[in-house]
Amino acid sequence: MINIKQFIATKNKFFNIFQLFGNWSPQPLFLLVHITLRCDNVCGYCYQLSDDYYKKYLAQDLSFDDFKKIVIDAKRNFFVMPKIHLFGGEPLINKDFSKMLEFATLNNVKLSFTTNGNLLNIFYKDIGSSSIEQINVSMNSLEDFYKIKTVQDIKRIKININFVLTDKNYKEIKKIVDFFEFEKANINVLSFQHAYFCKDKININVLKDQIFKIKNLKTRFKILFLPYIKVNDLEKYYNKELNNFSRNCNIPWLGLNIMPNLDVTPGGGVLGCNNVIGNLKKEKIKIIWNNKKIKIFRKNILKNGVCDKCLGCCHRQYY
Ligand SMILES: C[S@@+](CC[C@H](N)C(=O)[O-])C[C@H]1O[C@@H](n2cnc3c(N)ncnc32)[C@H](O)[C@@H]1O
Ligand code: SF4
Ligand code: SF4
């Protein structure tokens, strides 16, 4: 079973093959579904808390009926059923989270989700009996380790741990790696994510030193930095000199993002992808997938590269 997060992070260019079709794409490989925009955490760096775009989606969670509609629509209308990735806000606080897992599992949908982990131990049994293949757990410090206590035991599920680098943790990359290794954590990927925009003071030399310290470590899990930025280019990334990197991105050829009110945007579901191209109350996924708006969006990327809002995105190709 491929670990999609790892594959997209490391073999992303493989999918550029989809761009050979021009502004058309055969079918979505994934649907990112924001099942709520509400959250039970307040992370200082969260892009959703600092962008008014998300506020209008706080009013309602995705209903179970609308979730069923998405699954059935995708199942009926595509040759290959797209994988569904549940997202938020915090997806586990949607009151129908368990029912969604059950329905998707009954329909043989390949499922994954991203969570802050607060409620993972509570949903352990529902997750264990579902078709979940992969869980991305976001952590802020090692104190969050208890959150994967139970799901670690579900051997078939790939667990990716993600730390957004902040001034509180970037000096501790080596310590974090050592901890997960010492605990023999049953995880597949430990990733450190450079924030889309960083208000924190990150000393690049200290960051480089931390990266150097873990470079040749042999660990049970894969270590990734997202997005992949060469060590010598870290200053440019953190100083927001982002124009000199490649400006390609293939995500709008690979998937769609769905918001709780069924608004649809291109697949990244963040930053420059926050551009409504349709709504599933009125149209089927298949129609939106190659409609006029998404074709213009893709054409712009082919012609001019991604827009300025995308410049710090973890999905963009920097090289
Ligand atoms: C918005 S959260 C939603 C899911 C869930 N609440 C969580 O935290 O995992 C999705 C991912 O975005 C990451 N994230 C939030 N703000 C970010 C930022 N400014 N730069 C990069 N990643 C960020 C989070 O760490 C998390 O891994
Ligand atoms: S838990 Fe996720 S959605 Fe909630 S504030 Fe943190 S990063 Fe944002
Ligand atoms: S780089 Fe831009 S187009 Fe690509 S996924 Fe990120 S926000 Fe979307």
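Trainee: What covers the buried residues of helix 3?

Mentor: First, this is a predicted model, where local features need pLDDT of at least 70, side-chain atom pairs count only at pLDDT 80 or more, and totals for chains, interfaces and linings use all residues. Residues are numbered from 1 along each chain as its sequence is written, with chains lettered from A and ligands numbered from 1 in the order in which they are written. Helices (H or I, at least four residues) and strands (E, at least two) are DSSP runs numbered from the N terminus, and contact means C-beta atoms, placed from the backbone, within 7 Å. The cover includes helix 2 (64-77), strand 2 (83-87), strand 3, helix 4 (124-128) and strand 4 (132-139).

Trainee: Which residues of helix 3 are buried, and on which side do they sit?

Mentor: Buried means 20 or more other C-beta atoms within 10 Å of a residue's own. In helix 3 (residues 97-106) that gives F97, M100, L101 and A104. Going by directions from the helix axis to the C-beta atoms, they cover an arc of only 100°, so they are on the same side of helix 3.

Trainee: Why would such a spacing line up?

Mentor: An α-helix has 3.6 residues a turn, so residues three or four places apart point the same way.

Trainee: Which residues have the most contacts inside the largest nonpolar core?

Mentor: A core here is a set of buried Ala, Val, Leu, Ile, Met, Phe, Trp, Tyr and Cys residues joined through C-beta atoms within 7 Å. The largest has 42 residues. A second, separate core of 13 residues includes L254, C310, L311 and C314. Back in the largest one, the top residues are L31, V33, I70 and I258.

Trainee: What does L31 touch beyond its neighbours within four places in sequence?

Mentor: L31 belongs to the group with the most contacts inside the largest core. Its partners are I70, A74, P82, I84, G255, L256 and I258.

Trainee: Which residues come nearest to ligand 1?

Mentor: A residue counts as near if its C-beta atom, placed from the backbone, lies within 6 Å. Strand 3 (111-115) and strand 5 (158-164) each give two or more residues to this shell. Of the 17 residues around ligand 1, the nearest are Y47, N116, S138, A195 and Y196.

Definitions and conventions
A residue is buried if 20 or more other C-beta atoms lie within 10 Å of its own, exposed if 12 or fewer, and partly exposed in between; C-beta atoms are placed from the backbone. Two residues are in contact if their C-beta atoms, placed from the backbone, lie within 7 Å.
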